[in-house]
Amino acid sequence: PHDLYRKVLPELTSKYDGRTARDCVILYGYLHAYVNGTSGNAAYMWAYPTVDKIVEDTGIKRNRVNPLITIMESEGLVMTRKIPWYGHTKKMYMPLYNVGHKS
């Protein structure tokens, strides 16, 4: 967790802005909290909260969630995939545990 605040946050702040960097860090931590920890499961180590749930729990505005995820993907902080889900698709997120990503 130290690297998240000592390295990643300042890097994101210098590339984007303080608000975006802060929201990326909040969303990154949030996704970690919702990772599926059941091994042997196809969703093991993936988080799959809905955008509505992310908005409700974090206070991040709906229209910012996808752009923040895109930034985190480009920075090597998270991977995403879409899976079929009851006739629709569901977006899943894998927060990457090596946050000392691009030093």
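Let me start with a term: a residue is called buried when its relative accessible area is under 20%, exposed when over 50%, and partly exposed in between, with a 1.4 Å probe and protein chains only. This is a predicted model, in which local features need pLDDT of at least 70 and side-chain atom pairs count only at pLDDT 80 or more, while totals for chains, interfaces and linings use all residues. Residues are numbered from 1 along each chain as its sequence is written, and side-chain values use heavy atoms, with hydrogens and water left out.

In H4, the buried residues are Arg-64, Val-65, Leu-68, Ile-69, Ile-71 and Met-72, where helices (H or I, at least four residues) and strands (E, at least two) are DSSP runs numbered from the N terminus. Down the axis of H4 these residues fall within an arc of 160°, so they line one face of the helix, the arc being that of the directions from the helix axis to the C-beta atoms. They pack against H1, H2, helix H3 (51–58), strand S1 (78–85) and strand S2 (88–95), contact meaning heavy atoms within 4.5 Å.

Leu-31, leaving aside residues up to four places away in sequence, touches Ala-47, Pro-49, Ile-69, Met-72, Val-78, Tyr-93 and Pro-95.
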